[in-house]
Structure formats: C-alpha cells, structure tokens
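Please look at the charged side chains in the entry below and consider how they pair. The paragraphs after it take these contacts one after another.

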Amino acid sequence: MKEEITLDAIDLQLLAVLQQDASLRNQALAERVHTSPPTCLRRVKRLHEAGLIERQIAVLQPERVAAVVGHGITALVEVTLDRQDAQSMDAFESLACAEATVQQCYRVSPGPDFVLVVHSSDMPAYQQLCQRLFTANANVRNVKSFFSLKRAKFGATLPL
C-alpha cells in the first residue's frame, strides 16, 4: 500500500504540467513551476513513490502510425455478464485486462457491466479477441460493439 500524501500547490502544478508533457527535463519542469531543480526532482520522485504518477508513456499519433503499419480497428464494446457477483466480475475483468488489444476496461452502471476500448490490427484479429474473450466465456450474456470511424479527441488528463 502506498503511503498517505498531502499535496500543495507546487505538487498540483507539477502533476498538471507532467500530464501535458512528461518528457520535460527537470530544469524546464522546475522553471515552469517556479522551484529549484533539486526540489523539483525530489517532489517528482515523491509523487512517483506515492503512486500518483502511475507511469509515463508516449502517445502515438494514429494517422502517422497508420501510414506505416495500417489503421487497425478501434471498437467500444459493451459487455453484459449473466452473473454479476464479485467473483464473476473480477474474473471477466482479469481476462479483459490480460488482452493486449484491450486498451481500457471500465466497470459501468447502469446498463452493461463493462465497457472496453479495443484496438486491433484488423477484423480477423478482432474476431479472434471476440472468440477468446466473449464466445468462449460462458458468463458473457451480451456483447455490443461500436466501431470508431474517426477519433475526434483523445486525452488522459485528470482535472486537478
């Protein structure tokens, strides 16, 4: 378990700036939040250790990647289970999260039990995922897929 942490205005500024650009070097980050580089480095390390910063990733530009490897398929998938007890929900969630093509997995209410964001290379790859995750799972009652025609906005920034 991560330790309790209290955040001040500088910590919140650091988190806000890092959500926009985690590639900033410590010197530039310190300048943006008006603190010294050693203080900045110490605070960012503390935010990582406290688990507030889960990980740092590169966000790829889909159209540029598509020019090299193809567009692929993005689907938003609603999944309803037959049994919604904690063990059944946890079991499906574990299966879904273990799939590399499942980019996001949400338990939702009301309506379906889960909403997944799936990105697969092509329709045969999507069909294989469906077979593994939905058809072979006796507890899946209903699946409804919506295929993305255009990504108008994408973000992962949390309001602070």
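What follows is a guide to the salt bridges and to the parts of the chain that they link.

This is a predicted model, in which local features need pLDDT of at least 70 and side-chain atom pairs count only at pLDDT 80 or more, while totals for chains, interfaces and linings use all residues. Residues are numbered from 1 along each chain as its sequence is written, and side-chain values use heavy atoms, with hydrogens and water left out.

Side chains of opposite charge can pair when their charged atoms come close. The structure holds eight salt bridges (a side-chain nitrogen of Lys or Arg within 4 Å of a carboxyl oxygen of Asp or Glu). One of them joins Arg43 to Asp11, with an N to O distance of 2.9 Å; because Arg43 lies in helix 3 (residues 37-49) and Asp11 in helix 1 (residues 9-20), this pair ties together parts that are 32 residues apart in sequence. Helices here are DSSP runs of H or I with at least four residues, strands are runs of E with at least two, and both are numbered from the N terminus.

Asp11 is buried, at a relative accessible area of 1%, and Arg43 is buried as well, at 13% (buried means under 20% relative accessible area, exposed over 50%, and partly exposed in between, with a 1.4 Å probe and protein chains only). Asp11 also meets Arg46 in a salt bridge of 3.3 Å, N to O, and since Arg46 lies in helix 3, the pair ties together parts 35 residues apart in sequence. Arg46 is partly exposed, at 29%.

Elsewhere, Glu93 forms a salt bridge with Arg107, their closest N and O atoms being 2.7 Å apart. This pair links helix 5 (residues 86-98), which holds Glu93, to strand 2 (residues 102-107), which holds Arg107, across 14 residues. Glu93 is partly exposed, at 28%, and Arg107 is partly exposed, at 39%. Finally, salt bridges that share partners join Asp8, Asp11, Arg43 and Arg46 into one network.
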